[in-house]
Amino acid sequence: MTGWWVSPEFPLIRPYNDNLKYRLDYLFKAASNRGIKIYIIVYLESSMLSNNSAHTEKVLEANENVKVIRHPLTTLPTLWTHH
């Protein structure tokens, strides 16, 4: 999975009725528990986009088979992209 903004708490169904099993973090946890390896690339934060990739990494990597790759801190952001 790649994205500019990946929120672990994002529900994947509408309307959302507080059923946690449809949240992204719970779906990833269920898949991880079945042995599925999940890789996520989250693009760099910017002043226009508050995507809090540190939060995404912390929450999702609490699951054994989930790896979050975040944009490296560099002065040359064009050298790294998820495209």
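Modeller: Thr2 stands opposite Ile41 of β2. The model is predicted. β1 and β2 pair in the parallel sense, over two bridges. They belong to an open sheet of three strands, ordered β1-β2-β3, with parallel pairing. β1 (2-3) and β3 are the edge strands, each with a single partner, so one side of each has no neighbour in the sheet. Helix α1 packs on this sheet and touches β2 and β3. The direction of α1 makes about 145 degrees with that of β2. Helix α2, residues 53-60, lies across β2 and β3. The angle between α2 and β3 is about 165 degrees.

Now the nonpolar side chains. The largest nonpolar core has ten residues: Val6, Leu24, Phe28, Ala31, Ile38, Ile40, Val42, Leu60, Val66 and Val68. Two or more of them come from each of α1 (24-33), β2 (38-42) and β3 (66-70). In soluble globular proteins, nonpolar side chains tend to be buried together.

Next, the setting. The protein chain has two helices and three strands. From the N terminus, the elements follow the order β-α-β-α-β. Of the contacts with a separation of 6 or more, 57% join residues 24 or more positions apart. Buried residues make up 30% of the 83 residues in the protein chain. The accessible surface of the protein chain is about 5,800 Å², and carbon and sulfur atoms hold 58% of that surface.

Notes. Residues are numbered from 1 along each chain as its sequence is written. This is a predicted model: local features need pLDDT of at least 70, side-chain atom pairs count only at pLDDT 80 or more; totals for chains, interfaces and linings use all residues. Side-chain values use heavy atoms; hydrogens and water are left out. Helices (H or I, at least four residues) and strands (E, at least two) are DSSP runs, numbered from the N terminus. Buried means under 20% relative accessible area, exposed over 50%, partly exposed in between (1.4 Å probe, protein chains only). Contact means heavy atoms within 4.5 Å. Accessible areas come from the Shrake-Rupley method with a 1.4 Å probe; for residues, only the protein chains shown count as cover. A nonpolar core is a set of buried Ala, Val, Leu, Ile, Met, Phe, Trp, Tyr and Cys residues joined through side-chain atoms within 4.5 Å. Two strands pair if DSSP finds at least two bridges between them. Axes are lines fitted to C-alpha atoms, for helices over the stretch in contact, and angles run from 0 to 180 degrees between N-to-C directions.
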